[in-house]
Amino acid sequence: DAMRIARRFAPAAVLSLAACGAGDRAADGVVVRDSSGVLIVESPAPAWGRTSPWTVSTEPIATIGAVEGEAAYQLHRVAAALRLSDGRIVVANLGSSDLRYYDGAGRHVRTVGGRGEGPGEFSTLAGVVRGGADTVLVYDARLLRLTVLAPEGSVAGIVTFQPPRDTARFGGALTPFSHALSGRLSGDRYVLTGSGFSVQLRPQPTVYRMSHPNLMYSAAGEPLDTLGRGLGVEIYAGSRIAGPYPFARWTRAAVHDGRLYVGDPGAPEVLVYSADAGLERIVRYARPPERVTNELFEAAVEHAVERQSRFPIPGADEATWRSFYGAMPRPEALPAYDELKVDARGHIWLQDWRPSWERGPRRWTILDPEGRWLGALTLPDIDVHDIGADYILGVWKDELDVEYVQLFGLTREVEARTR
């Protein structure tokens, strides 16, 4: 029943919501029901209303990055940014295949790694996530290798993931660049989310989607099972050329408290999986879809043509791209959201979709750990990497696309009033 599932999922957080019973409606209108052993939580409206009681600092508390000067502060293609319990910030710099440790004020402390295949070196960073007790887990997609870094940055362990032998059972195979590390699940297991895709030309211009299944691994690097819906992104392809689909639904994933959260923005919902039980919970919020207007569609075509024309390929000039994108199918509605994060307290954050060419503040929808729709919060124009109890860490790019890691304060002053 719903109570049993709630206990299995989160002993403290979910009980207060699930106690109303399967199919019951809580005082705030939230409906909780059991569907074949899966707990479904549906929110009809945000609890906060129009005004968010949470606030974010207007200026960053710390900034890491520089246009010129010491190499440790010059960032290129930041793959991850994490904050440790003592306030240190770890930045994974894909451009140099290293991890850089900074103190709470943003001063460089140490750099570890670098490009290579030896112990403590990295070929292709594809998943840098927080481990237990301030360890950092680093996955190398080309070497299929997980490196565990101790709190000070030294190598504490190395695990090589073995490709599944039974490819039919696992829906494919683990190959270089096909998967990325999302995190560590309960029972000291790891989940690799399928991230790679291949472009397949089509006789007629078509929006299609490909994905690899998510793979669950033991601490020894042995394949155990698949878990949840594979990640995928929609691609627009024709008979001779292919390019990004401006309105693509891009599946997102995050790991928190030993569970995998997967969001497919085709609908305003998030699926939650555990290593032992599979799909445990579906969280839904009744946000109406936003229609794709003529103005937005035309702007998307112009942006796509301009972007692709900057990277010419034989037989594809601007006129070719304009014809290609001019035939692009127009979706009825925008994706429900663009990004998915789970913060240190278990809140689900979903960045509202917006055109990739727009700059400025970003609006995030927030669900509480029980799955209730709280409301929205506007953040600075950063790519969010890590959300703690009282901070938000992300990457900001200036007008020259120079990257800066920025730390902002987060205040949740009246969170208790929504309970």
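Start with the aromatic rings: there are 17 aromatic pairs, counting rings of Phe, Tyr and Trp (its six-membered ring) whose centres lie within 6.5 Å. F324 is buried at 7% relative accessibility, and Y325 is buried at 0%. Buried means under 20% relative accessible area, exposed over 50%, and partly exposed in between (1.4 Å probe, protein chains only).

A word on ground rules: this is a predicted model, where local features need pLDDT of at least 70 and side-chain atom pairs count only at pLDDT 80 or more, while totals for chains, interfaces and linings use all residues. Residues are numbered from 1 along each chain as its sequence is written, and side-chain values use heavy atoms, with hydrogens and water left out.

Next, select W48, W54, W349 and W364, which form one aromatic cluster.

Now for charges over rings (NZ of Lys or CZ of Arg within 6 Å of the ring centre and within 35 degrees of the ring normal). Pick R83, whose charged end sits over the ring of Y391, 4.8 Å from its centre. Then jump to R202, lying over the face of Y208 at 4.1 Å from the ring centre.

Last stop: Q74, which is partly exposed at 32% relative accessible area. Show its contacts (heavy atoms within 4.5 Å): leaving aside residues up to four places away in sequence, Q74 touches A66, V67, E68, G69, N93 and R100.

How values were computed:
Phe/Tyr/Trp six-rings, centres within 6.5 Å; stacked < 30°, edge-to-face > 60°.
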